Amino acid sequence: MKVLRVEEFEQWLASEAAKIQALIESRVFRIEHYDHFGDAKYLGDGLAELRWKNGLRVYFTRTETRVVLLIHGGGKNAQENDIKKARVLLKRYAHP
């Protein structure tokens, strides 16, 4: 599986603590090499989220060509706004 990242996701990830970055990179590695997503939930309209027990969320979409596009991230406490932003970004990047 190929994992791509949009610019907004990269900016968000860079603003997070090193421990959070390591958690996300570890999950991305498992997706790329083993097609293992772990705790993930489909949110509708092509958007899904990777979930962690600490409340961390990473929003993504999958294509039919085995590509995962990481769109946005956030925490459980701002989930509603993060999902709205992820949907806007999804339209921009996945459906130009």
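The expected span of a helix is 1.5 Å times one less than its number of residues. Helices (H or I, at least four residues) and strands (E, at least two) are DSSP runs, numbered from the N terminus. This is a predicted model, in which local features need pLDDT of at least 70, side-chain atom pairs count only at pLDDT 80 or more, and totals for chains, interfaces and linings use all residues. Residues are numbered from 1 along each chain as its sequence is written, and side-chain values use heavy atoms, with hydrogens and water left out.

**Helix H2.** The 17 residues of H2 should span 24 Å at 1.5 Å a residue, and the 24 Å between its end C-alpha atoms agrees with this. Its buried residues (under 20% relative accessible area, 1.4 Å probe, protein chains only; exposed is over 50%, partly exposed in between) are Ile 20, Ile 24, Arg 27, Val 28 and Ile 31. These residues lie on the same side of H2, because they cover an arc of only 100° around the axis, taken from the directions from the helix axis to the C-beta atoms. An α-helix has 3.6 residues a turn, so residues three or four places apart point the same way. Strand E1 (2-5), H1, E3, E4 and E5 are among what covers the buried residues of H2. On the face turned away from the buried side are the exposed residues Ala 18, Lys 19 and Tyr 34.

**Core.** A nonpolar core is a set of buried Ala, Val, Leu, Ile, Met, Phe, Trp, Tyr and Cys residues joined through side-chain atoms within 4.5 Å. The largest one has 27 residues, and Phe 9, Ile 24, Val 58, Val 68 and Leu 70 have the most contacts inside it. Helix H1 (7-15), helix H2 (18-34), strand E3 (47-51), strand E4 (56-62), strand E5 (67-75) and helix H3 (79-94) each give two or more residues to this core. Beyond four places in sequence, Phe 9 touches (heavy atoms within 4.5 Å) Ile 24, Val 58, Leu 70, Ile 71, His 72 and Gly 73.

**Arg 57.** Arg 57 belongs to strand E4 and counts as buried, at 7% relative accessibility. Its side chain reaches the backbone oxygen of Trp 52 at 3.4 Å. Its contacts beyond four places in sequence include Trp 12, Glu 49, His 72 and Gln 79.

Notes: Polar contact = N/O pair within 3.5 Å; in protein donor to acceptor, adjacent residues only side chain to side chain.
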